[in-house]
Amino acid sequence: YKSGSYCLVLTIFMLIVILLTLILIYILYKIYKKKKVHQFLLIYFAFSAFLWVIFPSIVSLIGDRYKQELVVKENVFITYAIYEFLFYIILLLLLYRFPLCKPFYYGKYIPNTSSSIKRIWFVLSLFLIINIIKQISSNVTYSEVNDSTILAEQETNLFSIFSNFSICLYLTIILFYNKLYSKRIIFFSWLLLSLNIITVLAHGARMQVIFYLFVFVYYLFSSALNKKRFFLYMSFLIGIIYLCSYILPAVAYIRSGGNFTVEDLRKSYENYGEANAFVLQLLIKSNSINTGAILVEETKEKPYLNPYINSIYSFCPSILFPGKRPLAGSSDGTIDGFPTRLAAEYISGDSRFFNVGISTSATALWHGGILFYVINLIIVFFWYRFLNSLMFYENYYAKLLVVYFTVLGYFILPTADVLIRDLLKQPFFYAFFIFISRGGLIKDWVRSLKRHIA
């Protein structure tokens with residue numbers, strides 16, 4: 001009797017997930033037909049919803065092996081899955097109804113010229129190459145990279161920060177300007193992007209592989225393709241997924257050991273079984289609903305405004321904080337106060353060497369319950385409305401900003417504390433981009449001044 005009742009409950013849960021999935025797909029289709037949301041953001045939302053909501057919700061409820069990965073009961077899991085589905089559904093409905101605004105675009109002083117983007121490309125590529133060399137030369141394991149005691153003492157790594165911007169620039173060129181620039185620029189953008197992903201993989205981090213997946217998904221659905229190109233892009237996409245089915249489990253071997261080797265890949269190929277299955281590895285990584293649920297359920301005292309206040313204070317001058325400045329998004333200002341670390345603590349009893357992904361809705365609920373869920377939903381709607389409006393600017397820096405604020409977060413929708421953190425960085429980046437992009441113009445002004453003097 002209990003077994004029959006349990007199966008009935010699971011069937012009801014699965015029907016709810018399927019119904020919410022169909023509603024989500026229908027809204028995406030309606031947005032597509034209306035053509036007021038830029039196709040980049042439309043594909044971004046579809047990709048994000050599949051990776052972080054639809055896939056983990058469905059797979060977690062089928063098969064005993066996948067259910068074993070749940071750290072909460074099925075009824076608790078489905079509750080937080082519904083929260084996440086509703087976050088996406090309501091957000092997309094609002095964007096469907098109110099897609100555009102008149103954005104405050106602050107990139108007007110960055111020249112929108114071919115020479116400007118090339119100059120920035122070269123400078124950012126230099127930062128990325130130096131960062132790749134530093135990673136290759138370092139002999140640290142994945143555990144050491146994620147060791148909270150080491151991270152707490154580290155200073156800001158400018159090479160890593162600018163490397164993130166270089167990745168966004170490559171993606172901007174590949175996605176939007178691949179026909180405007182020389183094949184050499186496109187080739188080296190692909191090459192440097194690939195080198196960075198391989199280097200990160202070799203140190204045990206797996207998520208940057210989804211940049212590849214997104215690019216080919218975007219190519220497949222962003223415009224009408226002839227049969228030859230469609231099958232070409234589809235072949236690349238299938239090939240990447242096939243390679244990932246061996247590479248990701250192999251990377252799982254080394255997350256507590258040394259760097260990635262060919263021997264690890266051979267072991268993954270020979271031992272390819274249920275314990276190392278690609279679907280299982282992807283589920284473990286993408287099931288932020290599962291880990292978000294335990295964060296909210298186990299937290300006895302909500303942080304409320306603390307993550308937002310710490311996001312603001314983290315960029316205040318050091319004179320105001322003689323010691324360590326609080327970390328943005330943390331409940332107590334330390335690395336152990338991040339929701340990703342707290343959830344890891346609840347799951348394993350130790351968050352020193354690893355963290356876990358947390359769904360957007362669970363983070364908002366952890367902040368302060370339903371009230372903060374609603375507030376964050378409204379803020380995120382206005383944010384994506386702003387980004388959607390930016391995408392229609394014929395300006396590479398505007399598109400670069402959208403890529404930075406979307407793709408770099410691994411397609412997880414942000415909460416307001418994350419937005420505060422990222423926005424407070426922008427004046428520094430803006431000044432840097434103006435300085436680099438206007439370098440040629442300054443030379444022209446100097447030459448012009450010399451001519452006038454002469």
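A helix axis here is a line fitted to C-alpha atoms over the stretch in contact, and angles run from 0 to 180 degrees between N-to-C directions. Keep in mind that this is a predicted model.

First pair. Helix α2 covers residues 39–59, and helix α18 covers residues 396–406. Their axes come within 12 Å and cross at roughly 5°. Angles under 35 degrees count as roughly parallel, so α2 is roughly parallel to α18. Which residues of α2 and α18 make the contact? From α2, they are Phe40, Leu41 and Tyr44. From α18, they are Val402, Val403 and Thr406. By class, that contact has five nonpolar residues, one polar and no charged.

Phe176 sits in helix α8, residues 158–176. Buried or exposed? Phe176 has 17% relative accessibility, so Phe176 counts as buried. Phe176 and Tyr396 are 220 residues apart in sequence, yet 8.6 Å apart in space, C-alpha to C-alpha.

Second pair. Helix α14, residues 288–298, packs with helix α16, residues 339–348. The axes are 9 Å apart, at an angle of about 85°. The range 65 to 115 counts as roughly perpendicular, so that is what α14 is to α16. On the α14 side we have Thr291, Ile294, Leu295 and Glu298. They meet Pro339, Leu342, Ala343, Tyr346 and Ile347 in α16. Here the classes are seven nonpolar, one polar and one charged.

Note on methods
Residues are numbered from 1 along each chain as its sequence is written. This is a predicted model: local features need pLDDT of at least 70, side-chain atom pairs count only at pLDDT 80 or more; totals for chains, interfaces and linings use all residues. Side-chain values use heavy atoms; hydrogens and water are left out. Helices (H or I, at least four residues) and strands (E, at least two) are DSSP runs, numbered from the N terminus. Angles under 35 degrees count as roughly parallel, over 145 as roughly antiparallel, 65 to 115 as roughly perpendicular and the rest as oblique. Contact means heavy atoms within 4.5 Å. Ala, Val, Leu, Ile, Met, Phe, Trp, Tyr, Cys and Pro count as nonpolar, Asp, Glu, Lys and Arg as charged, and the others, Gly among them, as polar. Buried means under 20% relative accessible area, exposed over 50%, partly exposed in between (1.4 Å probe, protein chains only).
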